[in-house]
Amino acid sequence: MDLDKIDSIYFIGIGGIGMSGLARYFHLNGKKISGYDKTPSALTDELIQEGISVHFEEDIDLIPKDANLIIYTPAITSDHEELAYYREHHYHVIKRADLLQELTKNSFTIAIAGTHGKTTTTTMIAHILKSSGYDCTAFLGGIAVNYNSNFLAGKNKTIVVEADEFDRSFLKLCPDIAVITSCDPDHLDIYGSKDEVVRAYGEFATLVKPAGFLITKRNLPFLKFMDSTATIFYYSNEPGVVQRSAKNEDRSADYYSVNGRIEEGTYIFDFKSASAEITNIHLAIAGRHNVENAIAAIAVALQLKIPVEEIRQALNTFQGVIRRFQFIITEGKTIFIDDYAHHPEEIKAILKSVREIFTSEKITCIFQPHLFTRTLDFADDFGEALSLADEVILLPIYAAREFPIDGVSSDMLLDKISAGSKIVCEKQNLLNELRKRNLEVVITLGAGDIDQMIPDIKNYLQQGAAQQP
């Protein structure tokens, strides 16, 4: 496929975080871009403002018949009316991952994979490259606060991309530098078993080019499935941790942090490796897990020979990603935090970090489970993770692309939570439920549409809750 010869691209599911980034890239590069999405959103509003045509009705009368490339997201079902039309009429139809493969194969590609941590790490790396003047084009899995976008345009041949494990999409990439932040099982509806998830990460690691680098968190189990000639570096939040390496030998972490401490809710730490030390790095974002993400980002920057002072300055100015440990309210009677966490390990990390900052305050967690299959597969783990909160309010499961499963519900999950106060609440009753409570730290979690409730929750906490005795 010669992308230079394609002048009109149609995106089915254009409002998705990955699809919209690609749409923006090709629109910026002079292609005629249009698309469909099921629901209007802030992202689709921005695409329309940028000059991209978007419609929200599944209707073949509204689609461009002159498009010479059709891109669809795996979330689109095969019986989608528009997708079926293009296939029946023999248009060039490919998945988003195939387009990303074509786009990156002739570029210097830095790909970041992981069940969790990949969006923040990808955005940190892109910010360091932008801030230092190294430059890059970046496709992010979230909205970077520094740039208010999920796409960053660059003038060189370096691409930073989030490598998505869903639908095995990341196996389309052949990175020059790969980062693996985690490989906890997820998407078992796609992979079938936990071992297959881990095996896929091993396959992704094997795709690193022979002269390239793999930078991975220590002690991840994918190493036993990996067969690669790439140079491997290990990182950790702890100094000198001994681990089993890909060659089954004892080895200390190559990159790690020391002297970590919390000041005003955020972290300051020192970075160490055999080749460099960076002292007093101040992350303006909260969460101990983000120190670990920063270590991975620093490791990539050092491989690119970016000076240490520019790395420090970039991390000092990094403002994070929307819905990743995002403080909505920082002052007053109630603190309000929002996060995209939808996997038990993510929930555990965010709640532990919140407790580390707010040591004595009551933590009220509002969680919207995402997908019936994920809820079923990890029900016990969700129960353990959510029990770290003092109070838990569960919203009904957000189905997304799935149909209900008998016996799988938020009520089922509730029985596995040992928090002192726990309840299942319909979305429309949430504010009334909050009015019954003395709230100190509130955190909303989930990957569904819980983010749409944030303005109403914020308004109540700033006005209604503040007036309570």
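Q: Is L434 buried or exposed in this predicted model?
A: The position of L434 lies within helix α14, which covers residues 430-435. A residue counts as buried when its relative accessible area is under 20%. The relative accessible area of L434 is 0%, and therefore L434 is buried.

Q: Which residues does L434 touch, not counting residues up to four places away in sequence?
A: L434 and L461 stand 27 residues apart in sequence, and their C-alpha atoms are 8.9 Å apart in space. For touching, the cut-off is heavy atoms within 4.5 Å. With residues up to four places away in sequence not counted, the residues that L434 touches are I366, I393, L439, I457 and Y460.

Q: With which residues is F222 in contact, leaving aside its neighbours within four places in sequence?
A: Once neighbours within four places in sequence are left aside, the contacts of F222 are I180, C183, V198, Y201, G202, A205, L214 and T216.

Q: How many residues of helix α4 are buried?
A: Helix α4 runs over residues 96-104 and is mostly covered. Its buried residues are R96, A97, D98, L99, L100, E102, L103 and T104. Of the 9 residues in helix α4, the number buried is 8.

Technical notes
Residues numbered from 1 in each chain as written. Predicted model: local features only at pLDDT ≥ 70, side-chain atom pairs only at ≥ 80, totals over all residues. Heavy atoms only, no water. Buried < 20%, exposed > 50% of the residue type's maximum accessible area, 1.4 Å probe, protein only. Helix = DSSP H or I, 4+ residues; strand = E, 2+ residues; numbered from the N terminus.
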